Amino acid sequence: MIRYIKHGEIDFQKWDATIDASTNGMVYAKSWFLDIVSPGWQALIEDDYTIVFPLTSRKKFGFSYLHQPFFTQQLGVFSGNELTVAKIDEFLFNVPIVFRLVEIQLNHSNKFNGGDFKISERLTHHLDLNRVYDIIQKNYSDNLKRNLKRANQQEVIFNNNFGTRDLINLFKANRGKEVETLKDRDYQTFEKLVEEGSKRNLVTKVGVMINHNLEAGAVFIKSNYEYIFLFSATGDKAKESGAMAYIIDDFIRSHAGETMQLDFEGSMDSGLARFYKSFGSKEIVYLQIRKNNLPLPLRWLK
């Protein structure tokens, strides 16, 4: 039996135990993570938390809707048992009608027939770390190897003690100029994620200093079976030196041999996808689903 329950009724201990035991568990779905990115989130739960599905909701113009929170690439249905297409269908068809608009992303283990949902495929890239570094490095592209060699010749210094706000400011001064959807409240959310994730020993920050200034940095977060490349920023000098490749290579070198994946968390951008593939990663497909039952004027606007 699938039940729809409000935030205050969720047993968070049972919830997190299910995510930890899930074959497709992800840090995005842990209760503390959801509390930060989607305060008041709700859920669909089968039986005694055997299968769970977080509902990340908002309200606008008096209508409730489901959305994909920033810094949360995939959610969907989670279970310790194998999830069939029929079970995913059942959960999606049980989304309460109170949510007049649904725009969410399932995790890559969720396969779905669709019904009256519109489905589009999205890509991330995974790299298997369960090999010695030399074997992983052999699968690097020739161009990446040249970039790493160039980075080694620059006066770059690793510094992992930079502040999260410093990384955000670097991002806002560069690529952030093109990302109008990210607002100040979203950057604050990211700061909270890093702070709470650090308390739980899940976060790794890697930065590169050039002439005593932070010119490139990245935040990785440990998930159930993978490390997620959660956020990064690069300045002009770092782009010239290949510093981001240097940062990712250093992380791979540090975690080679672990029974983990590195999830690059993207990308649909062909340039970034090519960069991630240069490390020998493979494409992973996950589904974005959408259903719009808003009243006609708002439906057309949306």
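**Rings, a loop residue and a sheet**

Modeller: We may begin with aromatic rings: ring pairs link Tyr140, Phe220, Tyr227, Phe229, Phe251, Phe264, Phe275, Tyr276 and Phe279 into a cluster. Please keep in mind that this is a predicted model.

Biologist: How many aromatic pairs does the structure hold?

Modeller: There are 25 aromatic pairs in the structure. One of them joins Phe71 and Phe231, whose ring centres are 6.3 Å apart; because their planes stand at 65°, and over 60 degrees counts as edge-to-face, this pair is edge-to-face.

Biologist: Which parts does the pair of Phe71 and Phe231 tie together?

Modeller: Phe71 belongs to the loop between strand 5 and strand 6, whereas Phe231 belongs to strand 12 (residues 226-234), so the pair connects parts that are 160 residues apart in sequence. Phe71 and Phe231 are both buried.

Biologist: Where does a charged end sit over a ring?

Modeller: The charged end of Lys205 is placed over the ring of Phe162, 5.2 Å from the ring centre. Likewise, the charged end of Arg253 sits over the ring of Tyr133, at 4.2 Å from its centre.

Biologist: What does the side chain of Gln68 reach, and which residues does Gln68 touch?

Modeller: Its side chain reaches the backbone oxygen of Gln73 at 3.4 Å. Leaving aside residues up to four places away in sequence, Gln68 touches Gln73, Gln74, Leu75, Glu103, Ile104 and Gln105.

Biologist: In what order do the 4 strands of the open sheet lie?

Modeller: The order is 1-2-3-6, with antiparallel pairing. Strand 1 (2-5) and strand 6 are at the edges and have a single partner strand each, so one side of each lacks a neighbour in the sheet. Helix 1 (residues 12-21) packs on this sheet, where it touches strand 2, strand 3 and strand 6, and its direction makes about 110° with that of strand 3. Helix 3 (residues 85-93) lies across strand 1, strand 2 and strand 3, at about 135° to strand 2.

Biologist: How many bridges join strand 2 to strand 3?

Modeller: Strand 2 (residues 42-46) and strand 3 (residues 51-55) run antiparallel and are joined by 5 bridges. As one example, Gln42 has Leu55 in strand 3 as its bridge partner.

Definitions and conventions: Residues are numbered from 1 along each chain as its sequence is written. This is a predicted model: local features need pLDDT of at least 70, side-chain atom pairs count only at pLDDT 80 or more; totals for chains, interfaces and linings use all residues. Side-chain values use heavy atoms; hydrogens and water are left out. A polar contact is a pair of N or O atoms within 3.5 Å; within protein, one must be able to donate a hydrogen and the other to accept it, and residues adjacent in sequence count only if both atoms are side-chain atoms. Contact means heavy atoms within 4.5 Å. Rings of Phe, Tyr and Trp (its six-membered ring) pair if their centres lie within 6.5 Å; planes under 30 degrees apart count as stacked, over 60 as edge-to-face and the rest as tilted. Helices (H or I, at least four residues) and strands (E, at least two) are DSSP runs, numbered from the N terminus. Buried means under 20% relative accessible area, exposed over 50%, partly exposed in between (1.4 Å probe, protein chains only). A charge sits over a ring if NZ of Lys or CZ of Arg is within 6 Å of the ring centre and within 35 degrees of the ring normal. Two strands pair if DSSP finds at least two bridges between them. Axes are lines fitted to C-alpha atoms, for helices over the stretch in contact, and angles run from 0 to 180 degrees between N-to-C directions.
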